[in-house]
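Hello,

Here is the structure we spoke about handing over. Please open it first, then read the notes below.

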Amino acid sequence: MGSDAEFKYRYLSKESIQALKDFKYNGADNSLLYKYILSPLADFLVNNATPSTIAPNTITLFGFSFMILSFVLIASACPTLDHCRPENDVPTYIFLINGISVLVYQTLDNMDGKQ
């Protein structure tokens with residue numbers, strides 16, 4: 001058997017390995033919703049409602065707690081997810097809370113990048 005480097009990368013060509021080393025992530029959201037609503041909302045909240053002493057990851061962790069709340073609510077209402085529909089006596093407020101939780105998490109996560 002060859003060296004460790006040959007073993008690890010035996011399925012990749014030398015050009016592919018170099019391309020992996022040179023790769024730089026460049027993420028962008030060019031949607032109209034993000035450009036005109038979500039990003040300005042996050043900017044406004046960072047500038048007017050967030051203390052500068054709070055760590056950015058704390059903002060995301062706070063948003064994640066909304067997602068945990070959402071999960072706990074849906075798991076308690078329909079633990080097997082088989083009958084998770086409003087017509088099966090699942091309270092409709094749970095779905096509203098789920099939607100609001102996703103919006104809050106996404107906004108707070110966006111805010112952490114802008115702080």
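**What was found**

Val72 is partly exposed, with a relative accessible area of 46%. Partly exposed sits between two cut-offs: buried means under 20% relative accessible area and exposed means over 50%, using a 1.4 Å probe and protein chains only. Val72 belongs to helix α4, residues 56–77. Helices here are DSSP runs (H or I, at least four residues), strands are runs of E of at least two, and numbering starts from the N terminus.

A word on the source. This is a predicted model, where local features need pLDDT of at least 70, side-chain atom pairs count only at pLDDT 80 or more, and totals for chains, interfaces and linings use all residues. Residues are numbered from 1 along each chain as its sequence is written, and side-chain values use heavy atoms, with hydrogens and water left out.

**The surface patch**

Val72 is part of a nonpolar surface patch of about 520 Å². Patch residues have over 30% relative accessible area and no salt bridge; nonpolar side chains (Val, Leu, Ile, Met, Phe, Trp, Tyr) are joined within 5 Å, like charges within 9 Å. Areas come from the Shrake-Rupley method with a 1.4 Å probe, and for residues only the protein chains shown count as cover.

**The whole chain**

The protein chain has 5 helices and 0 strands. From the N terminus, the order reads α-α-α-α-α. The radius of gyration is 22 Å, well over the 13 Å that the globule rule gives for 115 residues, so the chain is more spread out than a compact globule. That radius is taken over C-alpha atoms, and the rule is 2.2 Å times the number of residues to the power 0.38. Along the principal axes, the C-alpha atoms fill a box of roughly 60 × 45 × 30 Å.

Buried residues make up 19% of the 115 residues. The accessible surface comes to about 9,000 Å². Carbon and sulfur atoms account for 62% of that surface. Now the contacts, meaning heavy atoms within 4.5 Å. Among those between residues at least 6 apart in sequence, 71% join residues at least 24 apart.

**The salt bridge**

How many salt bridges does the count come to? The count is 1. The rule asks for a side-chain nitrogen of Lys or Arg within 4 Å of a carboxyl oxygen of Asp or Glu. The pair is Lys114 and Asp43, at 3.8 Å from N to O. Lys114 lies in helix α5 (residues 92–114) and Asp43 in helix α3 (residues 32–49), so the pair ties together parts that are 71 residues apart in sequence.

Lys114 is partly exposed, at 28% relative accessibility. Asp43 is also partly exposed, at 33%. A distance for orientation: the C-alpha atoms of Asp43 and Phe64 are separated by 19 Å. Those two residues are 21 apart along the chain.

Is Thr107 buried or exposed? Thr107 is buried, with a relative accessible area of 8%. Its place is in helix α5. The Thr107 side chain reaches the backbone oxygen of Leu103 at 2.8 Å. That is a polar contact: a pair of N or O atoms within 3.5 Å, where within protein one must be able to donate a hydrogen and the other to accept it, and residues adjacent in sequence count only if both atoms are side-chain atoms. Leaving aside neighbours within four places in sequence, Thr107 is in contact with Leu41, Ala42 and Leu45.

Leu41 is found in helix α3. Leu41 is partly exposed, at 35% relative accessible area. From Leu41 to Asn110 the C-alpha distance is 9.4 Å, and the two are 69 residues apart in sequence.

Thr60 lies in helix α4. Thr60 counts as buried, at 15% relative accessibility. Which residues does Thr60 touch, not counting those up to four places away in sequence? They are Tyr105, Leu108, Asp109 and Asp112.

Gln115 is in the segment after α5. Gln115 is partly exposed, at 33% relative accessibility. Not counting residues up to four places away in sequence, Gln115 touches several residues, including Val46, Thr50, Pro51 and Ile59. Gln115 and Ala28 are 87 residues apart along the chain, with C-alpha atoms separated by 17 Å.

Best wishes
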